[in-house]
Amino acid sequence: MDPTRGDVAVTGLGLVTPGGVGVEASWRAVCGGRSTAALDDTLAGNPVRLSCRVPGFDAEALLGARRAYRLDPFVHFALVAAREALADAGLDPRTWDGARVGVVLGSGDGGARTWEQQHDVLRERGAEKVSPLLLPMQLPNMLAGQTAIEFGARGPNLVVTTACASGTTAIGTARDLLAAGRCDVVLAGGSEAMITPLLMAGFAQMGALSRREDGDGFVAGEGAGILVLERLADARARRARVRARLVGYGASADAHHMTQPDPRGTGIEAAMRAALTDADAAPADVGHINAHGTSTPWNDRVEAAALSRVMPGGPLTTSTKGVTGHLLGAAGAVEAVFCVLTVEQSLVPPTANLHNLDPEVDVKVADVLTETPVELALSNSCGFGGQNASLVIAAA
Amino acid sequence: MSQQFEQLKDILVKNLKVAPELIISEATWQDLEMDSLAMVELSLMLEQELGVGIADEELLELATIGDLVGLLEQRTAAV
(Lines give C-alpha, C1' and ligand atoms only; values in the text may rest on other atoms or scores of the structure.)
Protein backbone atom coordinates (compact mmCIF):
# COMPACT_ATOMS: atom_id res chain seq x y z
CA MET A 1 0.00 0.00 0.00
CA ASP A 2 1.15 3.53 -0.74
CA PRO A 3 2.72 4.71 2.54
CA THR A 4 1.40 8.26 2.10
CA ARG A 5 -2.17 6.97 1.94
CA GLY A 6 -2.41 7.24 5.72
CA ASP A 7 -1.65 10.97 5.68
CA VAL A 8 -4.91 12.62 6.59
CA ALA A 9 -5.76 16.30 6.44
CA VAL A 10 -8.15 18.05 8.78
CA THR A 11 -9.96 20.50 6.51
CA GLY A 12 -13.01 21.47 8.55
CA LEU A 13 -13.95 21.97 12.20
CA GLY A 14 -17.27 22.28 13.99
CA LEU A 15 -18.06 22.62 17.69
CA VAL A 16 -21.02 22.88 20.01
CA THR A 17 -19.69 23.02 23.56
CA PRO A 18 -20.46 24.54 26.95
CA GLY A 19 -18.09 27.31 25.80
CA GLY A 20 -20.58 28.26 23.10
CA VAL A 21 -22.10 27.34 19.75
CA GLY A 22 -19.33 27.29 17.16
CA VAL A 23 -15.57 26.86 17.03
CA GLU A 24 -14.78 30.51 17.67
CA ALA A 25 -16.92 30.83 20.81
CA SER A 26 -15.72 27.48 22.18
CA TRP A 27 -12.04 28.23 21.58
CA ARG A 28 -12.35 31.69 23.11
CA ALA A 29 -13.91 30.15 26.22
CA VAL A 30 -11.21 27.47 26.49
CA CYS A 31 -8.39 30.00 26.04
CA GLY A 32 -10.09 32.23 28.62
CA GLY A 33 -9.70 29.45 31.16
CA ARG A 34 -12.93 30.00 33.04
CA SER A 35 -15.05 27.01 34.09
CA THR A 36 -18.54 26.81 32.58
CA ALA A 37 -19.93 24.71 35.44
CA ALA A 38 -23.16 25.99 36.95
CA LEU A 39 -26.06 24.77 39.08
CA ASP A 40 -28.51 22.94 36.84
CA ASP A 41 -32.24 23.32 37.53
CA THR A 42 -33.05 20.08 35.69
CA LEU A 43 -31.03 18.23 38.36
CA ALA A 44 -32.97 19.74 41.27
CA GLY A 45 -33.60 16.39 42.98
CA ASN A 46 -30.09 15.04 42.41
CA PRO A 47 -27.24 14.74 44.92
CA VAL A 48 -24.92 16.59 42.52
CA ARG A 49 -26.45 19.51 40.65
CA LEU A 50 -23.48 20.95 38.74
CA SER A 51 -23.30 20.61 34.97
CA CYS A 52 -21.84 22.35 31.93
CA ARG A 53 -24.64 23.13 29.46
CA VAL A 54 -24.32 24.59 25.97
CA PRO A 55 -25.34 28.25 26.35
CA GLY A 56 -27.94 29.66 23.98
CA PHE A 57 -28.46 26.49 21.95
CA ASP A 58 -31.85 26.84 20.22
CA ALA A 59 -32.42 23.60 18.29
CA GLU A 60 -35.70 24.83 16.76
CA ALA A 61 -34.09 27.98 15.41
CA LEU A 62 -31.02 26.11 14.14
CA LEU A 63 -32.69 23.05 12.62
CA GLY A 64 -36.34 23.96 12.12
CA ALA A 65 -39.11 23.18 14.60
CA ARG A 66 -40.33 19.92 13.09
CA ARG A 67 -36.83 18.49 12.49
CA ALA A 68 -35.75 19.44 16.01
CA TYR A 69 -38.89 17.88 17.52
CA ARG A 70 -38.10 14.49 15.94
CA LEU A 71 -34.46 14.34 17.08
CA ASP A 72 -32.83 13.87 20.47
CA PRO A 73 -30.43 16.60 21.65
CA PHE A 74 -27.41 14.35 21.03
CA VAL A 75 -28.31 14.52 17.32
CA HIS A 76 -29.10 18.27 17.43
CA PHE A 77 -25.58 19.04 18.62
CA ALA A 78 -23.94 16.88 15.94
CA LEU A 79 -25.96 18.30 13.04
CA VAL A 80 -25.11 21.87 14.00
CA ALA A 81 -21.40 21.07 14.47
CA ALA A 82 -21.30 19.10 11.20
CA ARG A 83 -22.85 21.97 9.28
CA GLU A 84 -20.14 24.31 10.61
CA ALA A 85 -17.38 21.79 9.79
CA LEU A 86 -18.57 21.30 6.19
CA ALA A 87 -18.81 25.03 5.57
CA ASP A 88 -15.33 25.44 7.04
CA ALA A 89 -14.03 22.72 4.70
CA GLY A 90 -15.64 24.41 1.70
CA LEU A 91 -17.58 21.24 0.88
CA ASP A 92 -21.08 21.53 -0.57
CA PRO A 93 -23.32 18.49 -0.03
CA ARG A 94 -25.43 19.57 -3.01
CA THR A 95 -22.55 18.97 -5.41
CA TRP A 96 -20.34 16.31 -3.81
CA ASP A 97 -20.27 12.59 -4.63
CA GLY A 98 -22.14 11.47 -1.52
CA ALA A 99 -21.29 7.82 -2.11
CA ARG A 100 -17.65 8.68 -1.23
CA VAL A 101 -18.51 10.52 2.00
CA GLY A 102 -18.42 8.55 5.26
CA VAL A 103 -19.67 9.41 8.74
CA VAL A 104 -17.99 7.98 11.85
CA LEU A 105 -19.20 9.41 15.14
CA GLY A 106 -18.84 8.44 18.77
CA SER A 107 -21.40 8.56 21.55
CA GLY A 108 -21.36 7.09 25.01
CA ASP A 109 -25.08 6.70 25.48
CA GLY A 110 -27.30 7.91 22.64
CA GLY A 111 -30.66 9.56 23.24
CA ALA A 112 -30.87 9.50 27.01
CA ARG A 113 -33.42 12.31 27.36
CA THR A 114 -35.86 10.61 24.97
CA TRP A 115 -35.45 7.28 26.76
CA GLU A 116 -36.21 8.81 30.17
CA GLN A 117 -39.20 10.81 28.95
CA GLN A 118 -40.78 7.79 27.31
CA HIS A 119 -40.10 5.62 30.33
CA ASP A 120 -42.15 8.14 32.32
CA VAL A 121 -44.93 7.82 29.71
CA LEU A 122 -44.86 4.03 30.07
CA ARG A 123 -45.12 4.17 33.86
CA GLU A 124 -47.67 6.98 34.08
CA ARG A 125 -49.90 6.37 31.06
CA GLY A 126 -49.21 2.85 29.80
CA ALA A 127 -47.46 1.08 26.95
CA GLU A 128 -50.00 2.16 24.33
CA LYS A 129 -49.07 5.81 24.82
CA VAL A 130 -45.34 5.36 24.21
CA SER A 131 -44.10 7.41 21.26
CA PRO A 132 -43.36 5.61 17.99
CA LEU A 133 -40.34 7.92 17.78
CA LEU A 134 -38.75 6.41 20.92
CA LEU A 135 -36.43 4.02 19.08
CA PRO A 136 -35.48 6.20 16.10
CA MET A 137 -34.76 9.07 18.48
CA GLN A 138 -32.69 7.24 21.06
CA LEU A 139 -30.74 4.54 19.17
CA PRO A 140 -27.04 5.53 19.27
CA ASN A 141 -26.48 4.73 15.57
CA MET A 142 -28.99 7.43 14.60
CA LEU A 143 -26.24 9.96 15.26
CA ALA A 144 -24.46 8.90 12.06
CA GLY A 145 -27.69 7.93 10.29
CA GLN A 146 -29.29 11.36 10.77
CA THR A 147 -26.05 13.08 9.77
CA ALA A 148 -26.10 11.08 6.53
CA ILE A 149 -29.74 12.03 5.91
CA GLU A 150 -29.06 15.71 6.59
CA PHE A 151 -26.10 15.99 4.23
CA GLY A 152 -26.55 13.13 1.74
CA ALA A 153 -23.46 11.23 2.90
CA ARG A 154 -23.93 7.73 1.49
CA GLY A 155 -20.53 6.16 2.22
CA PRO A 156 -19.57 4.02 5.26
CA ASN A 157 -21.68 5.11 8.21
CA LEU A 158 -21.31 4.04 11.82
CA VAL A 159 -21.33 5.03 15.47
CA VAL A 160 -18.63 3.74 17.76
CA THR A 161 -18.99 3.55 21.50
CA THR A 162 -16.05 3.32 23.88
CA ALA A 163 -17.61 5.40 26.67
CA CYS A 164 -15.52 8.53 27.26
CA ALA A 165 -13.07 7.56 24.51
CA SER A 166 -15.79 7.35 21.83
CA GLY A 167 -14.94 10.60 20.03
CA THR A 168 -11.26 9.70 19.81
CA THR A 169 -12.01 6.15 18.68
CA ALA A 170 -14.31 7.54 15.97
CA ILE A 171 -11.61 9.85 14.59
CA GLY A 172 -9.05 7.03 14.59
CA THR A 173 -11.50 4.70 12.85
CA ALA A 174 -12.28 7.37 10.26
CA ARG A 175 -8.58 7.71 9.53
CA ASP A 176 -8.35 3.96 8.94
CA LEU A 177 -11.28 4.10 6.49
CA LEU A 178 -9.53 6.86 4.52
CA ALA A 179 -6.22 4.97 4.55
CA ALA A 180 -7.99 1.86 3.24
CA GLY A 181 -9.55 3.92 0.46
CA ARG A 182 -13.11 3.07 1.48
CA CYS A 183 -14.21 6.68 1.03
CA ASP A 184 -12.71 10.09 0.25
CA VAL A 185 -14.18 12.33 2.96
CA VAL A 186 -15.25 11.48 6.50
CA LEU A 187 -17.26 13.52 8.96
CA ALA A 188 -15.67 12.26 12.17
CA GLY A 189 -16.21 13.16 15.80
CA GLY A 190 -18.63 12.66 18.62
CA SER A 191 -21.74 13.97 20.30
CA GLU A 192 -23.28 13.58 23.74
CA ALA A 193 -26.33 14.76 25.67
CA MET A 194 -26.23 12.69 28.84
CA ILE A 195 -27.11 15.34 31.42
CA THR A 196 -30.34 13.74 32.57
CA PRO A 197 -31.51 13.14 36.14
CA LEU A 198 -31.17 9.36 35.88
CA LEU A 199 -27.69 9.23 34.32
CA MET A 200 -26.35 11.99 36.56
CA ALA A 201 -27.68 10.11 39.56
CA GLY A 202 -25.80 7.05 38.32
CA PHE A 203 -22.53 8.96 37.93
CA ALA A 204 -23.00 10.54 41.37
CA GLN A 205 -23.58 7.15 42.98
CA MET A 206 -20.28 5.96 41.49
CA GLY A 207 -18.51 8.89 43.12
CA ALA A 208 -17.44 10.13 39.68
CA LEU A 209 -18.91 13.64 39.89
CA SER A 210 -17.34 16.72 41.44
CA ARG A 211 -19.18 18.15 44.37
CA ARG A 212 -16.89 21.11 44.95
CA GLU A 213 -13.22 20.35 45.56
CA ASP A 214 -10.34 20.05 43.12
CA GLY A 215 -9.68 16.56 41.93
CA ASP A 216 -12.79 15.08 43.46
CA GLY A 217 -14.44 14.17 40.16
CA PHE A 218 -15.75 15.61 36.91
CA VAL A 219 -18.57 17.95 35.96
CA ALA A 220 -20.63 16.53 33.11
CA GLY A 221 -20.81 18.53 29.90
CA GLU A 222 -22.73 18.19 26.64
CA GLY A 223 -22.12 19.02 23.01
CA ALA A 224 -20.40 17.81 19.87
CA GLY A 225 -17.15 18.07 17.95
CA ILE A 226 -16.88 17.27 14.24
CA LEU A 227 -13.83 17.21 11.97
CA VAL A 228 -13.81 16.90 8.20
CA LEU A 229 -11.04 14.46 7.26
CA GLU A 230 -9.65 13.76 3.81
CA ARG A 231 -6.52 12.13 2.47
CA LEU A 232 -3.85 14.82 2.33
CA ALA A 233 -3.28 14.37 -1.41
CA ASP A 234 -7.02 14.80 -2.11
CA ALA A 235 -7.24 17.89 0.08
CA ARG A 236 -4.28 19.45 -1.69
CA ALA A 237 -5.66 18.51 -5.10
CA ARG A 238 -8.87 20.44 -4.44
CA ARG A 239 -6.86 23.29 -2.87
CA ALA A 240 -8.61 22.94 0.47
CA ARG A 241 -7.26 24.77 3.49
CA VAL A 242 -5.40 22.11 5.50
CA ARG A 243 -5.79 23.19 9.12
CA ALA A 244 -3.71 20.34 10.54
CA ARG A 245 -2.78 16.73 9.82
CA LEU A 246 -3.98 13.67 11.68
CA VAL A 247 -0.83 11.56 11.73
CA GLY A 248 -1.24 8.95 14.45
CA TYR A 249 -3.79 6.80 16.25
CA GLY A 250 -3.37 4.19 18.93
CA ALA A 251 -5.92 2.18 20.87
CA SER A 252 -5.85 -0.37 23.66
CA ALA A 253 -7.88 -2.02 26.39
CA ASP A 254 -6.92 -2.34 30.07
CA ALA A 255 -8.75 -5.67 30.44
CA HIS A 256 -8.77 -4.91 34.15
CA HIS A 257 -11.98 -3.51 35.73
CA MET A 258 -15.36 -2.19 34.62
CA THR A 259 -14.63 1.39 35.70
CA GLN A 260 -11.23 1.75 37.38
CA PRO A 261 -8.21 2.12 35.14
CA ASP A 262 -5.46 -0.44 35.57
CA PRO A 263 -3.33 1.23 38.29
CA ARG A 264 -0.18 0.33 36.35
CA GLY A 265 -1.42 2.51 33.48
CA THR A 266 -0.22 0.04 30.89
CA GLY A 267 -3.36 0.53 28.77
CA ILE A 268 -3.13 4.27 28.22
CA GLU A 269 0.65 3.97 27.90
CA ALA A 270 0.23 1.41 25.12
CA ALA A 271 -2.28 3.62 23.30
CA MET A 272 0.08 6.62 23.42
CA ARG A 273 3.08 4.58 22.27
CA ALA A 274 1.06 3.05 19.42
CA ALA A 275 -0.12 6.50 18.32
CA LEU A 276 3.46 7.84 18.33
CA THR A 277 4.71 4.81 16.37
CA ASP A 278 1.86 5.26 13.90
CA ALA A 279 2.89 8.91 13.52
CA ASP A 280 6.52 7.87 13.09
CA ALA A 281 7.29 10.37 15.88
CA ALA A 282 9.59 10.29 18.90
CA PRO A 283 8.17 11.16 22.33
CA ALA A 284 10.42 14.24 22.40
CA ASP A 285 8.70 15.57 19.25
CA VAL A 286 5.41 16.09 21.12
CA GLY A 287 4.93 19.76 22.03
CA HIS A 288 1.57 19.60 23.80
CA ILE A 289 -0.72 17.08 25.43
CA ASN A 290 -4.46 17.44 25.75
CA ALA A 291 -4.87 15.01 28.62
CA HIS A 292 -7.96 12.99 29.35
CA GLY A 293 -7.63 14.73 32.75
CA THR A 294 -11.08 14.08 34.16
CA SER A 295 -10.18 15.25 37.66
CA THR A 296 -11.07 11.91 39.17
CA PRO A 297 -8.15 10.80 41.40
CA TRP A 298 -8.00 7.44 39.63
CA ASN A 299 -7.70 8.83 36.14
CA ASP A 300 -5.37 11.71 36.86
CA ARG A 301 -2.78 9.70 38.81
CA VAL A 302 -2.69 6.80 36.38
CA GLU A 303 -2.66 9.01 33.27
CA ALA A 304 0.00 11.33 34.71
CA ALA A 305 2.27 8.42 35.62
CA ALA A 306 1.87 6.98 32.11
CA LEU A 307 2.64 10.40 30.58
CA SER A 308 5.82 10.64 32.68
CA ARG A 309 6.95 7.21 31.49
CA VAL A 310 6.27 7.89 27.80
CA MET A 311 7.49 11.51 27.81
CA PRO A 312 9.75 12.09 30.84
CA GLY A 313 9.81 15.81 31.71
CA GLY A 314 7.15 16.07 28.98
CA PRO A 315 5.52 19.01 27.25
CA LEU A 316 2.88 21.49 28.40
CA THR A 317 -0.20 19.52 29.33
CA THR A 318 -3.77 20.78 29.51
CA SER A 319 -7.09 19.34 30.51
CA THR A 320 -9.60 21.50 28.67
CA LYS A 321 -12.29 19.74 30.74
CA GLY A 322 -11.60 22.40 33.39
CA VAL A 323 -13.51 24.79 31.12
CA THR A 324 -15.91 22.56 29.18
CA GLY A 325 -16.65 19.89 31.73
CA HIS A 326 -16.46 16.28 30.63
CA LEU A 327 -18.32 15.80 27.34
CA LEU A 328 -18.10 12.01 27.79
CA GLY A 329 -18.45 10.37 24.35
CA ALA A 330 -17.91 13.74 22.63
CA ALA A 331 -14.91 14.71 24.77
CA GLY A 332 -12.21 13.22 22.54
CA ALA A 333 -13.68 14.84 19.43
CA VAL A 334 -13.92 18.28 21.01
CA GLU A 335 -10.40 17.94 22.39
CA ALA A 336 -9.06 16.86 18.97
CA VAL A 337 -10.49 20.11 17.57
CA PHE A 338 -8.70 22.04 20.33
CA CYS A 339 -5.44 20.25 19.40
CA VAL A 340 -5.90 21.31 15.76
CA LEU A 341 -6.33 24.91 16.92
CA THR A 342 -3.26 24.63 19.16
CA VAL A 343 -0.94 23.49 16.35
CA GLU A 344 -2.52 25.97 13.95
CA GLN A 345 -2.39 29.02 16.20
CA SER A 346 0.60 28.16 18.44
CA LEU A 347 -1.60 28.56 21.52
CA VAL A 348 -1.72 26.13 24.44
CA PRO A 349 -4.89 26.68 26.46
CA PRO A 350 -4.79 26.71 30.26
CA THR A 351 -6.25 24.15 32.65
CA ALA A 352 -9.09 25.92 34.48
CA ASN A 353 -10.15 25.35 38.06
CA LEU A 354 -6.99 23.55 39.08
CA HIS A 355 -5.91 24.97 42.40
CA ASN A 356 -4.64 21.92 44.24
CA LEU A 357 -2.69 19.66 41.94
CA ASP A 358 -2.51 16.09 43.23
CA PRO A 359 1.08 15.74 44.54
CA GLU A 360 1.28 12.40 42.75
CA VAL A 361 0.69 14.11 39.39
CA ASP A 362 4.09 14.92 37.94
CA VAL A 363 3.42 16.64 34.62
CA LYS A 364 3.94 20.18 33.34
CA VAL A 365 0.41 21.48 33.65
CA ALA A 366 -0.35 24.56 31.56
CA ASP A 367 -1.93 26.97 34.03
CA VAL A 368 -2.03 30.03 31.76
CA LEU A 369 -2.68 30.53 28.05
CA THR A 370 0.75 30.04 26.49
CA GLU A 371 1.88 31.18 23.07
CA THR A 372 4.43 28.67 21.76
CA PRO A 373 4.93 26.83 18.48
CA VAL A 374 3.61 23.27 18.65
CA GLU A 375 4.46 20.88 15.81
CA LEU A 376 2.82 17.80 17.31
CA ALA A 377 -0.01 17.53 19.83
CA LEU A 378 -1.21 14.34 21.47
CA SER A 379 -4.75 13.85 22.77
CA ASN A 380 -5.70 11.08 25.20
CA SER A 381 -9.06 9.55 25.99
CA CYS A 382 -9.97 6.75 28.38
CA GLY A 383 -13.38 5.16 28.76
CA PHE A 384 -15.11 3.09 31.40
CA GLY A 385 -14.52 -0.49 30.46
CA GLY A 386 -10.81 0.24 30.16
CA GLN A 387 -10.89 1.50 26.58
CA ASN A 388 -8.05 3.86 25.70
CA ALA A 389 -7.33 5.88 22.57
CA SER A 390 -4.73 8.45 21.59
CA LEU A 391 -4.43 10.73 18.57
CA VAL A 392 -1.38 12.59 17.26
CA ILE A 393 -2.15 15.81 15.42
CA ALA A 394 0.53 17.68 13.48
CA ALA A 395 0.78 21.24 12.23
CA ALA A 396 -0.11 21.55 8.54
CA MET B 1 -63.19 26.74 9.03
CA SER B 2 -64.87 24.16 11.20
CA GLN B 3 -64.11 23.65 14.85
CA GLN B 4 -62.59 20.26 13.95
CA PHE B 5 -60.17 21.88 11.50
CA GLU B 6 -59.02 24.31 14.18
CA GLN B 7 -58.60 21.52 16.72
CA LEU B 8 -56.60 19.44 14.26
CA LYS B 9 -54.43 22.40 13.29
CA ASP B 10 -53.76 23.05 16.96
CA ILE B 11 -52.51 19.48 17.47
CA LEU B 12 -50.37 19.53 14.34
CA VAL B 13 -48.75 22.86 15.22
CA LYS B 14 -48.37 22.59 18.99
CA ASN B 15 -47.64 18.89 19.38
CA LEU B 16 -46.06 17.85 16.10
CA LYS B 17 -44.40 21.19 15.25
CA VAL B 18 -45.80 21.34 11.72
CA ALA B 19 -45.44 24.82 10.19
CA PRO B 20 -48.91 26.45 10.49
CA GLU B 21 -48.86 27.90 6.97
CA LEU B 22 -48.67 24.38 5.50
CA ILE B 23 -51.93 23.32 7.12
CA ILE B 24 -54.62 23.89 4.52
CA SER B 25 -57.54 21.74 3.53
CA GLU B 26 -55.86 20.51 0.32
CA ALA B 27 -52.56 19.55 2.00
CA THR B 28 -51.45 15.91 1.78
CA TRP B 29 -49.43 14.09 4.45
CA GLN B 30 -46.43 14.41 2.17
CA ASP B 31 -46.89 18.19 2.04
CA LEU B 32 -46.73 18.24 5.84
CA GLU B 33 -43.75 15.82 5.95
CA MET B 34 -45.86 13.38 7.95
CA ASP B 35 -44.61 9.78 7.66
CA SER B 36 -46.01 6.53 9.07
CA LEU B 37 -44.43 7.22 12.48
CA ALA B 38 -46.13 10.61 12.59
CA MET B 39 -49.45 8.87 11.82
CA VAL B 40 -49.07 6.77 14.98
CA GLU B 41 -48.34 9.92 16.96
CA LEU B 42 -51.30 11.74 15.47
CA SER B 43 -53.60 8.78 16.18
CA LEU B 44 -52.53 8.86 19.87
CA MET B 45 -53.04 12.61 20.05
CA LEU B 46 -56.50 12.60 18.44
CA GLU B 47 -57.55 10.04 21.02
CA GLN B 48 -56.04 12.01 23.89
CA GLU B 49 -57.04 15.54 22.87
CA LEU B 50 -60.37 14.94 21.12
CA GLY B 51 -61.39 11.51 22.34
CA VAL B 52 -61.67 10.29 18.74
CA GLY B 53 -60.26 6.87 17.86
CA ILE B 54 -58.77 6.75 14.34
CA ALA B 55 -56.11 4.11 13.70
CA ASP B 56 -52.86 5.17 12.04
CA GLU B 57 -53.57 2.91 9.02
CA GLU B 58 -56.88 4.68 8.58
CA LEU B 59 -55.15 8.07 8.75
CA LEU B 60 -52.64 7.05 6.09
CA GLU B 61 -55.44 6.22 3.64
CA LEU B 62 -56.87 9.74 3.81
CA ALA B 63 -55.69 11.84 0.88
CA THR B 64 -55.84 15.31 2.42
CA ILE B 65 -56.25 17.25 5.65
CA GLY B 66 -59.74 18.11 4.42
CA ASP B 67 -60.60 14.40 4.33
CA LEU B 68 -59.47 13.98 7.91
CA VAL B 69 -61.49 16.99 9.00
CA GLY B 70 -64.54 15.41 7.32
CA LEU B 71 -63.95 12.16 9.21
CA LEU B 72 -63.51 14.05 12.49
CA GLU B 73 -66.79 15.88 11.89
CA GLN B 74 -68.58 12.57 11.32
CA ARG B 75 -67.09 10.82 14.33
CA THR B 76 -67.54 13.71 16.75
CA ALA B 77 -71.16 14.17 15.56
CA ALA B 78 -71.83 10.47 16.15
CA VAL B 79 -70.61 10.60 19.78
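Me: Is Glu344(A) buried, exposed or partly exposed, and at what relative accessibility?
Reply: In this predicted model, Glu344(A) has 29% relative accessibility, so it counts as partly exposed.

Me: Which residue forms a salt bridge with Glu344(A)?
Reply: Arg243(A) does, with the closest N and O atoms 2.9 Å apart. The two residues sit 101 residues apart in sequence, so their pairing ties together helix 14 of chain A, where Glu344(A) lies, and the loop between helix 10 and strand 9, where Arg243(A) lies.

Me: And Arg243(A), buried or exposed?
Reply: Arg243(A) counts as buried because its relative accessibility is 10%, and the cut-off for buried is under 20%.

Me: What does Glu335(A) pair with?
Reply: Glu335(A) forms a salt bridge with Lys321(A), and their closest N and O atoms are 3.0 Å apart. Glu335(A) belongs to helix 14 of chain A and Lys321(A) to helix 13, 14 residues away. Both Glu335(A) and Lys321(A) are buried.

Me: Switching to chain B: which residue does Arg75(B) bridge to?
Reply: Glu58(B), at 2.5 Å between the closest N and O atoms. Arg75(B) is in helix 4 of chain B and Glu58(B) in helix 3, 17 residues apart. With 29% relative accessibility, Arg75(B) counts as partly exposed; Glu58(B), at 28%, also counts as partly exposed.

Me: Which residues are joined into one network by salt bridges that share partners?
Reply: Asp88(A), Arg241(A), Arg243(A) and Glu344(A).

Me: How many salt bridges are there over all chains?
Reply: Searching the whole structure gives 22.

Terms used: Residues are numbered from 1 along each chain as its sequence is written. Chains are lettered from A and ligands numbered from 1 in the order in which they are written. This is a predicted model: local features need pLDDT of at least 70, side-chain atom pairs count only at pLDDT 80 or more; totals for chains, interfaces and linings use all residues. Side-chain values use heavy atoms; hydrogens and water are left out. A salt bridge is a side-chain nitrogen of Lys or Arg within 4 Å of a carboxyl oxygen of Asp or Glu. Helices (H or I, at least four residues) and strands (E, at least two) are DSSP runs, numbered from the N terminus. Buried means under 20% relative accessible area, exposed over 50%, partly exposed in between (1.4 Å probe, protein chains only).
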